[in-house]
Amino acid sequence: MATADSPARTLIAPAELDRPLGRALYRTVLGTVLVTFTAAFVFPLYWMVSGALKSSAELAQPDPALIPQSFHPESYTQAWSSTGLSRYFLNTLLLAAGALLFQLVVDVCAAYALSKLRPVLGNVVLAMMLATLMLPVSALLVPTYLTVVDIPLIHVNLINTPFAIWLPACANAFNIFVLKRFFDQIPEELIDAARIDGAGNLRILAHVVLPLARPVLAVVSIFAVVGVWKDFLWPLLTLPDPRGQPITVALNTLANDMPANQLLAGMAMASIPLLVIFLVFQRHIMAGLTAGSLKG
Amino acid sequence: MKVDTVGAPRRTRQRPAAAPAPAPAPHRAALRRRIADNLAGYLFLAGGILAFALFSWYPIVRGFLLSFQQVNFAQPATWVGLDNFQRLFDDPLFLTAWRNTLWFTALALVFGFAAPFVTAIVLNELRHGRAYLRMTVYLPVMLPPIVTVLLWRWFYDPGPGLFNHALAVLHLPPQQWLESENLSMLSLVLVSTWANMGTTTLIYLAALQGVPGELYEAAQLDGASIRQRLWHVTIPQMRFILLITLLLQVIGTMQVFIEPFVLTGGGPNDATVTVLLLLYRYAFVYNDFGLASAMSTVLFVVLGAFAGLYLRLTRSKG
């Protein structure tokens, strides 16, 4: 992959850019793109964060000001404490952490089995898992919901429990596929050597495979947390009790009767963790994006 | 004598068999290890299989069966044959929802397909600020969708909304972004495109970096202009990935939900009732799970056709 500093040959030749006309055109395009992108993708975020600082009266004015006329940072603390956003925030954290844990344990074990233990019919199981990637998620909404309401055979109702989020999250073919493909690259000799030393499967997984798989574990973990944090429809259906709801669902409910500046503050606070994750793990996210999108 | 003659050949016959006589023991040990390995394998797979069985495989079968059943929580399900489909096709909203969804998908393709491609090509040519631009275009993808739609609802607001303010600055008449039958769907598409184009842009960007530079050089030596190079080198090289993302976008945008759910509720005058919104209403407002499942089955068949196409294309490539 070419970095920004090593110009690989692209559509336009360096020589073409070095001509006076080319250079002027390049500068114009660069300037336009920088301004447009900042206006289109960064400014809305600024508008949200700064809007929350405005007073309710100022927010209602038909002639909005770029910089708040009066600063009201207390809308952030009010949104956090009085509307109970802190609770919804913690709920989201709990849902994300649990989903991460369940997904890692279940999907890593499954990928290890499919990659290294290769049981009879393992390929059939893998194919059946991958086939679900082709299914439209929304077509399964109703039957999956009914399953969560009444788990077959044991007849347990998961509605209003975090398990309604955690358990279905484990059926993630993308995770298993990415993990298995990574495990496949770990040389068989390493596993055999550990086995001769008397290590069992759990030991091999924990001490040989997982340390090597750290980058791919990072990708899977980030996507697991981000996925739960962004989700709306599924928690809306399975967590009807407001006390257990994540912040995404709560914001939608509160949007109609919360003061506008507090709502904006809440929206900003709901976004911060994801934006921080993005800024810290950019490289991993981009890698996961191209790894997951296509194999060609 | 008889015993001897019978015994002798038997002994000679047994001899070749006796030579690998120690073999059955290791063979049995190998078998035992194979069984143990398989046992361990399935032990490790158990969680995954259980999760998929409960929340993926079983719902697929059940969803199909449910479309032929009448379901409520009070009584056991009863078979009603094609009744649900009959009621579905009789509902005038069914056609409206499909028409709206196709309209949304078409509009989303115009924006969501072209915009990332142009953006990626421009970004790939720039020598400065690429890391920044790549990051900004992906920022909206990292916002929770509910935040995105609430933010845009505020932009679209007819009172203090930013968009009408911007129009006023340009001396243009204010618009009823979400309240007008003609404009509301376009407004939803704009939100959706803004929120999702980052992913597609980065996929295209990665693909563009895989186009061999020699091809451009050769074309240039043959006297091809920049536009000709774009047409004869870039686009043919990107054809496969363009086709794939096209299919994925069709599949994705046909499942649009949160934008109409939060921004318009399907209004004005049912102009933004989409398939998934109607499915949601059938199931979770009217508690008619049979009818909703029939809707799911129809959605499944339509999207399944695109998924099948996708599968064929990716398989024939790799």
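**Packing around Met267(A)**

Leaving aside residues up to four places away in sequence, Met267(A) is in contact (heavy atoms within 4.5 Å) with Met48(A) and Leu251(A), and also with Val147(B), Leu150(B) and Leu151(B). This is a predicted model, in which local features need pLDDT of at least 70, side-chain atom pairs count only at pLDDT 80 or more, and totals for chains, interfaces and linings use all residues. Residues are numbered from 1 along each chain as its sequence is written, chains are lettered from A in the order in which they are written, and side-chain values use heavy atoms, with hydrogens and water left out.

**Nonpolar cores**

- A nonpolar core is a set of buried Ala, Val, Leu, Ile, Met, Phe, Trp, Tyr and Cys residues joined through side-chain atoms within 4.5 Å, where buried means under 20% relative accessible area with a 1.4 Å probe, protein chains only.
- The largest such core holds 155 residues, of which Tyr145(A), Met267(A) and Met295(B) touch the most other members.
- Helix H15 of chain A (residues 260–293) gives this core its largest share, 14 residues; helices are DSSP runs of H or I, at least four residues, numbered from the N terminus.
- A second, separate core has 38 residues, including Ile176(A) and Leu205(A).

**Form of chain B**

- The C-alpha trace of chain B spans about 125 × 75 × 30 Å along its principal axes.
- Of the 318 residues in chain B, 49% are buried.
- Among contacts in chain B between residues at least 6 apart in sequence, those joining residues at least 24 apart make up 67%.

Methods: Buried means under 20% relative accessible area, exposed over 50%, partly exposed in between (1.4 Å probe, protein chains only). Helices (H or I, at least four residues) and strands (E, at least two) are DSSP runs, numbered from the N terminus.
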